[in-house]
Amino acid sequence: MNKLKMAACGIDCNECGHYMLAMENNLKKAESLVEYFRDGGWIGKNDGAKGVLKKVPLCRGCWDKTDVRTQSCANCSLRACCEEKQLNHCGECGDFPCEKYKEFADYHENVMEYLLSLKRL
């Protein structure tokens with residue numbers, strides 16, 4: 001399993017715009033995130049795609065040791081729990097799905113089903 005691509009919570013980092021932008025430094029992808037970055041206050045109203053590439057919250061994945069992650073991922077209690085228990089992802093936990101994970105899964109479609117399918121394997 002490549003920890004730089006699958007987050008502890010089960011999200012596939014390869015499907016995340018922040019991750020793809022950080023890993024590929026792609027101006028076209030950056031252009032598609034300009035409004036989102038403006039709305040988040042990460043770039044100014046006159047900044048464009050190049051401004052996006054220079055700013056956070058770029059992300060190199062849940063398990064990246066350089067801490068280049070979005071704020072919500074950097075402060076993730078699920079990842080911290082997996083680190084403490086030395087697990088690759090929540091699906092390896094004997095308590096999965098715990099209440100904390102169920103709350104998270106309410107806002108992220110398919111992640112619980114994905115980890116449940118891994119657990120069945």
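These legends describe close-up views of a predicted model. Local features need pLDDT of at least 70 and side-chain atom pairs count only at pLDDT 80 or more, whereas totals for chains, interfaces and linings use all residues. Residues are numbered from 1 along each chain as its sequence is written, and side-chain values use heavy atoms, with hydrogens and water left out.

**View 1. The overall fold has eight helices and zero strands.** Along the sequence, the protein chain reads α-α-α-α-α-α-α-α. Helices (H or I, at least four residues) and strands (E, at least two) are DSSP runs, numbered from the N terminus. Buried residues make up 35% of the 121 residues. Buried means under 20% relative accessible area, exposed over 50%, and partly exposed in between (1.4 Å probe, protein chains only). The accessible surface comes to about 7800 Å². Carbon and sulfur atoms account for 49% of that surface. Areas come from the Shrake-Rupley method with a 1.4 Å probe; for residues, only the protein chains shown count as cover. Among contacts (heavy atoms within 4.5 Å) between residues at least 6 apart in sequence, 41% join residues at least 24 apart.

**View 2. The largest pocket has a volume of about 640 Å³.** Of its 27 lining residues, the closest to the centre are Cys-9, Ile-11, Phe-104, His-108 and Val-111. Two or more lining residues come from each of α1 (17-24), α5 (71-74), α6 (77-85), α7 (99-105) and α8 (111-120). The largest share, three residues, belongs to α7. By class, the lining has 15 nonpolar, seven polar and five charged residues. Nonpolar covers Ala, Val, Leu, Ile, Met, Phe, Trp, Tyr, Cys and Pro; charged covers Asp, Glu, Lys and Arg; the others, Gly among them, are polar. A pocket is found on a 1 Å grid over the protein atoms alone, as an open set of points where a 1.4 Å probe fits, with protein on both sides within 12 Å along at least five of seven lines; lining residues have an atom within 4 Å of a point. Grid points are joined across faces, edges and corners, and the volume is the space filled by probe spheres set on them.

**View 3. The largest nonpolar core has 19 residues.** A nonpolar core is a set of buried Ala, Val, Leu, Ile, Met, Phe, Trp, Tyr and Cys residues joined through side-chain atoms within 4.5 Å. Cys-90 and Tyr-101 have the most contacts inside this core. Helices α6, α7 and α8 each supply at least two of its residues. The most, three residues, come from α7. Not counting residues up to four places away in sequence, Cys-90 touches Ala-8, Cys-9, Leu-78, Cys-82, Phe-96, Tyr-101 and Leu-115.

**View 4. A second, separate core has nine residues.** Leu-21, Ala-30, Leu-33 and Ile-43 are among them. Leu-33 sits in the loop between α2 (27-32) and α3 (34-39). Leu-33 counts as buried because its relative accessible area is 17%. Beyond its neighbours within four places in sequence, Leu-33 contacts Gly-17, Leu-21 and Val-52. His-18 is 15 residues from Leu-33 in sequence, and 8.7 Å from it in space, C-alpha to C-alpha.

**View 5. The loop between α6 and α7 holds Gln-86 and Pro-97.** Gln-86 has a positive phi of about 55°, although it is not a glycine. Gln-86 counts as exposed because its relative accessibility is 72%. A cis peptide bond joins Phe-96 and Pro-97, with omega about -5°.
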